[in-house]
Amino acid sequence: MRTMKRAHPGHALNRMRLMGLMKKEAYQIVRDPSSIAIAFVLPVILLILFGYGVSLDAEHVPVAIVVEHPGSETASFVAGFRESRYFRPVIMRTIQAAENALMHRDVDGIVWLRGNFARDMRAPGPASIGVIVNGVNANQARIIEGYVTGVWSKWQERIAPGQGRPLKVPVTVEQRIWFNPEMRSRNFLVPGLIAIIMTLIGALLTAMVVAREWERGTMEALMVTPVRTQEILLGKIIPYFVLGMGGMALSVGMAVWVFDVPFRGSYLVLFATAGLFLLTSLAMGLFISVVAKNQFVAGQIAIIATFLPAFILSGFLFDIGSMPKAVQLITHIIAARYFVSILQTLFLAGDVWAVVAWNSLALGIMCIFFLLLVRKRMKKRLE
Amino acid sequence: MLRRIIALMIKEIIAIVADPKSRMVLIGPPIIQLMVFGYAATFDLEHVPYAVYNEDRGQASRDLLARLEGSPNFNLVARVARDGEVRPLIDDRKAMAVVHVGPLFTEELLRGRTGSLQVVVDGRNSNTAMIVLNYIRTIVADFNQGWSQAHGQGSAPADLRIRFWFNPNLDSRWFIIPGLVALLTLVVSLLLTALSVAREREAGTFDQMLATPLRPVEILVGKALPGFVIGAIEATFILVMAMIWFQVPFRGTFFPLYLGLFMFLLSSVGAGLMISSLSVTQQQALLGTFLFLVPAIILSGFATPIANMPQAVQYLTYLNPLRYFLIIVRSVFLEASSFEILWNLYWPMAVIGTATLIIAGWLFRRRMY
């Protein structure tokens, strides 16, 4: 390396050599259309599939309502479930039948109005309504619990005047949900999905590229030319960066126009941070391919190290603040974590500088770290 | 024939185990992923950062807010004295919720009127927002009950007695960790098989193998078995970890679980070999793996329920082997489901496995002539 440097004194970067390399890479991209497919077709397909497919809003939850003695009291209660768009009630006569349906996963919950329900309601104490929810999916169970409680309290308000004992609730909760008042889960899932999809695209675009060159020996051939390490790196990153930004623009456009996610930030900030994120994930992809040096291992690492961590550890779905401290530390090395936070804020809250600046700073540090690492590893290989 | 298949299988396993890098990929990541994801993937909230804006000086608001402060789910980060301080707290994500009590709160309550607790929640993640609100509502309901009893106010005409079957404390780890068993098994078995043929094809050794007396069926079986065996071993290891380390209760029996694992590995190895036989280069095989794996995981019901998806996407999930095995693992773990309850989840995986293996075998043979 050192002798090479001496033989070619001058600027760190030579524009002609860089242009030559980029041209070569561009030819490769155009000739093998798979990279273009990865950058443009893949984000569109994945975003459509997941944007519609990933949702936490449960509707038409199947519940069994056991009515042992039908009457006017039970009818008014059941009507609340019939009217709710959250439930699809099935009326049953015995608890055994309902439990059997729950065991076979035909229903997610049971509401049990016992035979003495009407009598208990007229008695001074409260009548009790048994509710059983399948708790296997704990999150879903909690949502269903909330819906059942909602139907129940509406029913109480409705019947209270006729009961001759006015309903007295000491404290009510007045909720205001900022940024997403109708609580559409798509509004936060789609921006998160963009971060995950772009993580995939960045890693896919680069992880294989350098590994392929090592495997075919063309990297060594490139090394003996006057081309410098950083020129090789830039020559690889710039064309894929341009491709990736195209994919990013497509995804953002779809989020806004296809999925109706409000965008409250500024596009300038969005594309600046998106560029930073893409650069980081390209650098990570390059790092993987430089370390692995063969496509087989590079591919495996790319799958293991990019998609699943971005999916689970980025805060896209699971709240980072609730993870154990040790795991929270690990999330700091997941680039998607920062971008998910930036995207959710830009889309729903606007340009909040405290969020954007810190996360961009972290992304910038990660990006520089990986680029330096890649450079170091590529040099070592030659010596 | 059996001897040839075994010889080929041994060769395949040696090829996987002998290379230190691919060995590393097989052993390290599943363990690390199980540990990290097992702890990370939970919908339960702890230490939710919240702020209090209390304008009331009475006892009632103090009692109510003390209940919030005492809850392990909440962590008080700030006390607010003015309206204007609320927005930056939420905007900058310093607090997930701000609880506001108006100046006349205690007075209203003592007069027998309804007081209101205003809660502002960060809706950037609407699921978290909903959980936070549920927690607060539970605390307020407890307070209400105590207040009504203490002040002799009438009770509600009917109350709800909610019980959760199979997971009484609603620990979402009991849902996610059995899911990880299925997820990581899929990743391992798919990675092992999907790149195996493409690698040989690129190196030219696949042509050599086709020139040996091995028949395509034998090559297929020889390539499928290592993924099968290693997948089963890793799945068993992860299962044991889920039971012993993460203490997820295992209430069922091993027969329905392992029958499911067998069918599941059949289908994932089949999918892997089909991807492998379709692609000429490793890059294509990798792309194919990604294209199968990512939707298979996201649209499986692992994290978000299939029932919430639009009908068209739900039909698509019937092609996803992970969908069936996830239900089997979770049901056997928590619901102690027997074969009779689960039987209609086995045959779709068998069909997917057989179909993909036949296609893979046909593609092998086609490349021969």
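Trainee: Which residue is the bridge partner of A:G109 in β4(A)?
Mentor: Start with the two strands, which are DSSP runs of E, at least two residues long, numbered from the N terminus. Strand β3 (residues 109-113) of chain A runs antiparallel to strand β4 (residues 127-134) of chain A, with four bridges joining them. Two strands pair if DSSP finds at least two bridges between them. In β4(A), A:G109 is bridged to A:V133.

Trainee: What pLDDT do local features need in this model?
Mentor: Residues are numbered from 1 along each chain as its sequence is written, while chains are lettered from A and ligands numbered from 1 in the order in which they are written. The model is predicted: totals for chains, interfaces and linings use all residues, side-chain atom pairs count only at pLDDT 80 or more, and local features need a pLDDT of at least 70.

Trainee: Which helix gives the most to the side of chain A that touches chain B?
Mentor: Contact here means C-beta atoms, placed from the backbone, within 7 Å. Each chain puts in 96 residues: 96 from chain A and 96 from chain B. With 13 residues, the top contributor on the chain A side is helix α7 (residues 138-159) of chain A.

Trainee: How many residues are in the largest nonpolar core?
Mentor: A nonpolar core is a set of buried Ala, Val, Leu, Ile, Met, Phe, Trp, Tyr and Cys residues joined through C-beta atoms within 7 Å. A:I110, A:A283, A:F339, B:A97 and B:V98 have the most contacts inside this one. Its residue count is 232.

Trainee: Which residues does A:A283 touch, leaving out those up to four places away in sequence?
Mentor: A:A283 is among the core residues with the most contacts. Beyond four places in sequence, it touches A:C367, A:F370, A:L371 and A:V374.

Trainee: How many residues of α11(B) are buried?
Mentor: A residue is buried with 20 or more other C-beta atoms within 10 Å of its own, exposed with 12 or fewer, and partly exposed in between; C-beta atoms are placed from the backbone. α11(B) reaches 35 Å from first C-alpha to last, close to the 36 Å expected. The helix is mostly covered: of its 25 residues, the buried number 19.

Trainee: Is B:R93 buried, exposed or partly exposed?
Mentor: B:R93 is not a glycine, yet its phi is positive, about 65°. It lies in the loop between α4 (86-91) and β3 (97-101) of chain B. With 19 C-beta neighbours inside 10 Å, B:R93 is partly exposed.

Trainee: Is B:Q247 buried or exposed?
Mentor: B:Q247 also has a positive phi, near 60°, without being glycine. Its loop joins α10 (216-244) to α11 (254-278) of chain B. It has 12 C-beta neighbours inside 10 Å, so B:Q247 is exposed.

Trainee: How far apart are the centres of the two domains of chain B?
Mentor: Domain bounds come from an automatic or database assignment. Chain B has domain 1 (2-41 + 171-368) and domain 2 (48-150). Taken over C-alpha atoms, the separation of their centres is 48 Å.

Conventions. Two residues are in contact if their C-beta atoms, placed from the backbone, lie within 7 Å. The expected span of a helix is 1.5 Å times one less than its number of residues.
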